[in-house]
Every structure is written in C-alpha cells, then in structure tokens.
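Subject: Model handover

Hi,

Here is the structure you asked for. My notes follow below it.

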Amino acid sequence: MPEHDWAGLTLYHRAVRDVRGDRLWPLNRLRDLHPEVYAREVAKYAGRQALLTERVERLNCLWNDVLFFAPVHPGPLLDAVRSTGRAVPSVRFWSLPASALDPARACVRLVRPWPDGIRPPPDPADERPYTPEGLSQFTLPPAETLARLRQLLPGDPLILWMDVPHVLYRGEVPLSALTDLRA
C-alpha cells in the first residue's frame, strides 16, 4: 500500500514513565528485558488478570504481546473530562504516524459496549485489518465516549480510551518514531 494512503492518520499512546532502552515494548517482552518495569506495569491489571491470557486471533498472540495505540487524539477526551469541572493537569502522550506500523503486524480492534459495567467476552470478528480506509473510520471520539467522560465523578478512574477502537501492534516501536504531545 503506498505510503501516501496513510497521510494525516496518527496514533496516540500515553507516554510511559521510566522508559528503558530505545524502544517501546509489549508487556511480555518487558518481562524478559526489564523485570522491574514489567512488575510495575502488570500491576495495572490487578482484578483484570484474565486480560493477560486473552488472545488476539488476527495477530496470533496474547493481549500482552501487543502494544496498544488509539486513533483518537486525547485532547477532546480530556476536554470532556475537564468540562465537568474536574481538575485534570496537562497529560503527556506520544503520537506516531500510522504509516510507521507494519500492517501485517497490526489490527484495529473494535470495542463493544459494557452492559451493566461488565466487559463482554472478546470476539475475533471485532479484529479488523489495519488499513488506511479502516483506520480513518475511527479518528473521531465516539459520542458515547464523550458522554461517559462527561459523567465521571471526582473519584472515578480516568480511563480515556476504554471504549474507543484500538490499534494493536505485535512488535516494538523505536522511541525515535514517537513525538511528545501534551493534552
């Protein structure tokens, strides 16, 4: 696919603190390369350990064998939270041109609604090919996401992209490909 088809398509990832080395690594690789970073990051899955064994069928791997990116800019999501009067300081993110990822190692994963706050089981049909045409459908924040963020209470966790389609990438990304962004 010609590079220009990806023009203007950008992915976002919350910047990682305490980065080690010159690459962004999936969780399972961190376990081997930087066990102390792995321990800190895997702790985020407390109460959600089942995710660590969830399969990503299209990429023939596990959930924690991939990096996660969002095709939606974090600015409008944070603005929705701030519109509630909640104080949200500037947050550091990374942006990445969508063309930087190998389409054969990536997919777009759709997100299903969570009835009664319960995450539905994964469905391989929600994993779509990583193409410019497919990705361009998901660059704007879903209205449901903005509504959810506008209803957060002061003590609720700030999970921006929980209900936004994700790009899953089976591989690592050089830090030099990422650009700092504040939102």
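Alanine 106 has tyrosine 169 in β9 as its bridge partner. Strands here, like helices, are DSSP runs numbered from the N terminus (helices are H or I with at least four residues, strands E with at least two).

Before going on, the ground rules. This is a predicted model, in which local features need pLDDT of at least 70, side-chain atom pairs count only at pLDDT 80 or more, and totals for chains, interfaces and linings use all residues. Residues are numbered from 1 along each chain as its sequence is written, and side-chain values use heavy atoms, with hydrogens and water left out.

Back to the sheet. It is open, has 4 strands in the order β5-β9-β7-β8, and its pairing is antiparallel. Two strands count as paired if DSSP finds at least two bridges between them. β5 (67-69) and β8 (127-129) are the edge strands; each has a single partner, so one side of each has no neighbour in the sheet. Neighbouring strands are turned by 35° against each other on average, direction ignored. That angle is between axes, which are lines fitted to C-alpha atoms (for helices over the stretch in contact), and angles run from 0 to 180 degrees between N-to-C directions.

Now the pairings one by one:

- β7 (residues 106-109) and β9 run antiparallel and are joined by 4 bridges. Within this pairing, cysteine 107 stands opposite leucine 168, and valine 108 stands opposite valine 167.
- β5 and β9 are also antiparallel, with 3 bridges. Phenylalanine 68 has leucine 168 in β9 as its bridge partner.
- β7 and β8 are joined by 3 bridges and run antiparallel. Arginine 109 has glutamate 127 in β8 as its bridge partner.

Both faces of β9 are covered: His166 and Leu168 are buried on one side, Val167 and Tyr169 on the other. Buried means under 20% relative accessible area, exposed over 50%, and partly exposed in between (1.4 Å probe, protein chains only). β7 is likewise covered on both faces, with Ala106 and Val108 buried on one side and Cys107 and Arg109 on the other.

**Valine 108**

How buried is valine 108? Its relative accessible area is 1%. It sits in strand β7. Leaving out residues up to four places away in sequence, valine 108 touches Asp126, Glu127, Arg128, Pro129, Tyr130, Leu135, Phe138, Pro165, His166 and Val167. Contact means heavy atoms within 4.5 Å.

**Helices α3 and α5**

Helix α3 (residues 74-82) has Pro74, Gly75, Leu77, Leu78, Ala80 and Val81 as its buried residues. They pack against β1 (10-14), β6, α5 and β11 (179-182).

Threonine 145 lies in helix α5. It is buried, with a relative accessible area of 0%. Beyond its neighbours within four places in sequence, threonine 145 is in contact with Leu77, Leu160, Asp163 and Val164.

**Aromatic pairs**

Rings of Phe, Tyr and Trp (its six-membered ring) pair if their centres lie within 6.5 Å; planes under 30 degrees apart count as stacked, over 60 as edge-to-face and the rest as tilted. The count by this rule is 3 aromatic pairs. One of them is tryptophan 63 with phenylalanine 68, a tilted pair at 4.8 Å centre to centre and 50° between the planes. Both tryptophan 63 and phenylalanine 68 are buried.

Phenylalanine 93 and tryptophan 161 make an edge-to-face pair, at 5.5 Å centre to centre and 75° between the planes. This pair links distant parts of the chain, 68 residues apart: phenylalanine 93 is in strand β6 (residues 92-97), tryptophan 161 in the loop between α5 (143-150) and β9 (166-169). Phenylalanine 93 and tryptophan 161 are both buried.

**The chain as a whole**

The protein chain has 5 helices and 11 strands. Buried residues make up 43% of its 183 residues. Of the contacts with a separation of 6 or more, 77% are between residues 24 or more positions apart. The C-alpha atoms fill a box of roughly 40 × 40 × 35 Å along the principal axes.

Best wishes
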